[in-house]
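Thanks for coming, everyone. Please have a look at the model on the screen, and then I'll walk through the interface and a few residues.

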Amino acid sequence: MSLFSRAARNVLRSRVRTIGVALALGIALSAFLILSQINYGVSENVASARAAVADLVTVQSANSSGFDASSRLPNDLLPKIAEVPFIVSVQRVLLETPGFTPGQGGGPGSGGMPANFTLYEGIDSTSAVSSFGGFGGGSGLTITAGSTLTSTDENRSVAIVGSTYASDHDVIPGSEISVNGSGMQVVGVFSSGSGFGGDSVILPYPAAAAAFAASGPNFITVTVSASADLDSVVSQLRTVLGSGVSVTAASQNSGGAFGSAVDSILSSTQFESYAALGIGAAVMVVVMALLTAQRTREIGLLKAIGFGNGKILGQLLTEGLLLSAIGLPVALVATVALGPTVAQYVATSSSSSGAGPGGRHFFGNFASRLVGGVSFALTPEILLLGAAVTIVFGFVGSAYPIARALRLRPAEAVRHE
Amino acid sequence: MSDAAGSVVIAEKVYREYAAQGDAEEVKALRNVSFRIPKGGRVAIKGESGSGKSTLLNLLGGLDLPSRGSIVVNGQDLTNLSERELARFRATTVGFVFQAFNLVPTLTARENVELPMEAVNTGAAEAKDRALALLEAVGMEERAAHRPNRMSGGEQQRVAIARALANRPALVLADEPTGNLDTKSRRAVMRLLTEVNEKEGTTLVVVTHNSYTAGYCDTTLRIHRGRIIGQVTNRRTSETTPDPEEEDDAAADAADAEEESTGSGRDERAPTSKGPGTGRKPTAGARKTDDDDDDDDDS
Ligand SMILES: Nc1ncnc2c1ncn2[C@@H]1O[C@H](COP(=O)(O)OP(=O)(O)OP(=O)(O)O)[C@@H](O)[C@H]1O
Ligand SMILES: [Mg+2]
């Protein structure tokens with residue numbers, strides 16, 4: 001009769017308890033796995049988004065959110081920027097969000113925000129479409145119908161629209177839309193992954209500037225020849241452009257408004273994952289304490305017939321590890337099955353608390369895009385993490401019974417009542 | 001009087017005090033207890049409830065350590081052993097049989113008997129063979145795969161005896177092994193314990209309230225409020241001895257009375273002077289005599 005099978009028999013003695021422990025531990029452990037996977041995935045997504053804009057510098061009006069007409073830059077900055085060396089390209093971005101009034105009702109994103117609004121974006125170079133004005137990074141946009149904007153469209157009144165906009169307004173390629181009263185012909189419809197900017201219209205910069213009678217762009221995005229030159233370009237631009245204009249590396253720029261959504265996701269998932277760990281550990285401690293409490297005499301008897309402390313310790317530790325291992329399969333199944341749902345929930349709840357221009361509609365989608373890409377497959381990392389936590393749970397659960405058993409005097413334990 | 005070399009147990013000026021706890025005062029469970037038990041001896045420890053019998057037996061078995069004094073068993077001074085050495089001592093030198101809760105309830109009879117062998121890392125196959133042989137010896141071979149909850153009290157005690165013998169101990173210690181049993185089972189259990197003593201020369205110490213049980217032993221150590229108040233040589237109980245509980249409680253009292261009259265005195269700390277085989281004479285009859293000894297059978 002091996003120590004292992006004896007331990008297994010003790011742990012599995014009651015079917016009801018076994019099922020209860022499997023569920024409680026499984027849920028706590030899977031909550032931990034899901035939340036840490038979200039945390040890890042979001043950090044990764046943010047890091048890759050930042051890497052994608054590692055050679056970009058954003059120029060915008062100081063003290064502004066950059067999202068409204070009052071944040072426009074003067075038009076005469078372009079020649080000044082052109083003087084700075086190591087710059088490969090310069091791209092103006094005009095943003096217009098009719099119906100969105102910053103600074104009212106407690107600030108953007110909090111109150112007084114229309115449930116729906118359309119973001120109009122005028123850009124210089126159609127190649128930048130994919131980077132969506134330098135935000136979000138990566139290749140967010142895919143043309144799903146028609147074609148994208150090309151360099152020949154630069155001086156035409158054309159547009160591509162997001163899929164949300166297209167379905168809301170019954171628009172297909174070839175349709176004519178009105179942008180602030182100016183007619184634009186839709187040449188394509190794009191999808192933006194999980195919906196970030198789905199309700200938006202992208203136009204060539206001149207057409208957008210004319211339609212909104214804009215004095216200048218909201219942003220100027222400068223591409224540097226190599227990311228090694230970034231710092232020097234930033235400092236030279238600051239000198240050339242003077243105060244009133246803020247110059248930041250785009251990878252840092254995504255801190256501000258976007259960062260708050262990211263921070264909110266990261267900090268809440270981290271806190272909640274630790275809470276899940278604590279709950280799992282508490283389940284272990286309680287169940288192991290119950291499991292060994294009625295067995296004080298049995299353990300004393302083992303000592304009385306010659307089991308040394310080492311053997312008793314080995315048995316209780318084996319029991320703790322077996323008990324905690326009961327939860328692992330449940331946890332892994334629950335992680336794969338429930339991960340995406342939990343991720344979506346986290347995205348929604350973090351975007352309602354994470355304020356920022358565009359509020360829930362705009363940044364909610366941003367958050368779900370960050371979280372949406374997180375995978376919950378049974379990767380070696382998840383298996384390892386699950387196994388590691390299981391082992392830690394096993395140790396935590398057996399610590400108290402072991403401490404008790406070591407102090408137990410066999411003469412006390414075998415004393416009959 | 002046997003010399004130190006011939007003694008399996010040598011207790012010298014043993015004290016055991018339980019420290020005061022809260023309102024509870026200090027308990028002097030054993031006071032200045034000295035005695036010897038020769039190899040192969042059969043000794044009963046008798047005394048009223050709370051007199052210190054279990055305390056003494058636990059000290060002999062290394063389950064507990066004296067507050068003062070020394071206990072040497074099989075040449076080992078228990079007060080000098082480390083925790084680990086004590087565990088090994090318990091596994092190899094002594095075999096314990098308790099009154100209650102002897103067996104691990106989740107394990108079968110065979111697995112229970114294997115436990116002490118596992119404690120000293122005996123190989124699984126060897127342990128299994130020996131366990132089955134021991135179960136056969138106690139007449140429990142057919143119950144090898146049964147758990148304790150499917151056995152009677154007497155059957156459980158037989159399994160416990162098999163377990164106590166697993167590592168061929170020099171000393172078998174039994175704390176009221178028949179306390180919960182009926183007459184028939186009591187007889188079977190005592191017969192088993194004495195058989196081992198006779199065949200294997202294993203020294204046997206039995207704590208009991210019961211004169212009938214004590215009658216299986218050569219010598220009775222009487223203990224009163226933590227002191228040894230006397231030592232008597234018994235006429236052994238035989239198969240024809242009427243069980244006091246079954247027949248007539250007076251028989252037991254009578255047996256006790258005879259012990260007193262033939263007894264070797266009541267001097268404290270008197271070492272046992274007789275080996276096995278002394279005073280073997282069937283108890284004849286039942287003679288009711290007054291007895292100051294607390295001898296109720298089931299208290
Ligand atoms: N752990 C302990 N703490 C305090 N007192 C104790 C402890 N163990 C035993 N005692 C006391 O020591 C004395 C001797 O107890 P012991 O169990 O040896 O008696 P006993 O002769 O075996 O009695 P019984 O026939 O009822 O089993 C008793 O007064 C008992 O209350
Ligand atoms: Mg007792």
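**The interface between chain A and chain B**

Start with the area buried between chain A and chain B: about 2,500 Å², with carbon and sulfur atoms giving 57% of it. Buried area here is the accessible area, 1.4 Å probe, that two parts lose on being put together, summed over both.

A word on the source. This is a predicted model, with local features needing pLDDT of at least 70 and side-chain atom pairs counting only at pLDDT 80 or more, while totals for chains, interfaces and linings use all residues. Residues are numbered from 1 along each chain as its sequence is written, chains are lettered from A and ligands numbered from 1 in the order in which they are written, and side-chain values use heavy atoms, with hydrogens and water left out.

Now contacts, meaning heavy atoms within 4.5 Å. On chain A, 25 residues are in contact with 31 residues of chain B.

How many salt bridges are there between chain A and chain B? Three. A salt bridge is a side-chain nitrogen of Lys or Arg within 4 Å of a carboxyl oxygen of Asp or Glu. A:Arg9 forms one with B:Glu111; their closest N and O atoms are 2.9 Å apart.

Which helices of chain A supply at least two residues each to the side that touches chain B? They are H1 (3–11), H9 (296–304), H10 (309–353) and H13 (410–413). Helices are DSSP runs of H or I, at least four residues; strands are runs of E, at least two; both are numbered from the N terminus. H9(A) gives the largest share of that side, six residues.

**Chain B**

Chain B has eight helices and ten strands. Of its 299 residues, 57% count as buried. Buried means under 20% relative accessible area, exposed over 50%, partly exposed in between, with a 1.4 Å probe and protein chains only. Take contacts in chain B between residues at least 6 apart in sequence: 73% join residues at least 24 apart.

**Two residues of chain A**

First, A:Asp199. It is found in the loop between strand S7 (182–191) and strand S8 (200–204). Buried or exposed? A:Asp199 counts as buried, because its relative accessibility is 7%.

Next, A:Ala24, in helix H2 (residues 15–52). A:Ala24 has 30% relative accessibility, so it counts as partly exposed. Its C-alpha atom is separated by 12 Å from that of A:Ala334, 310 residues apart along the chain.
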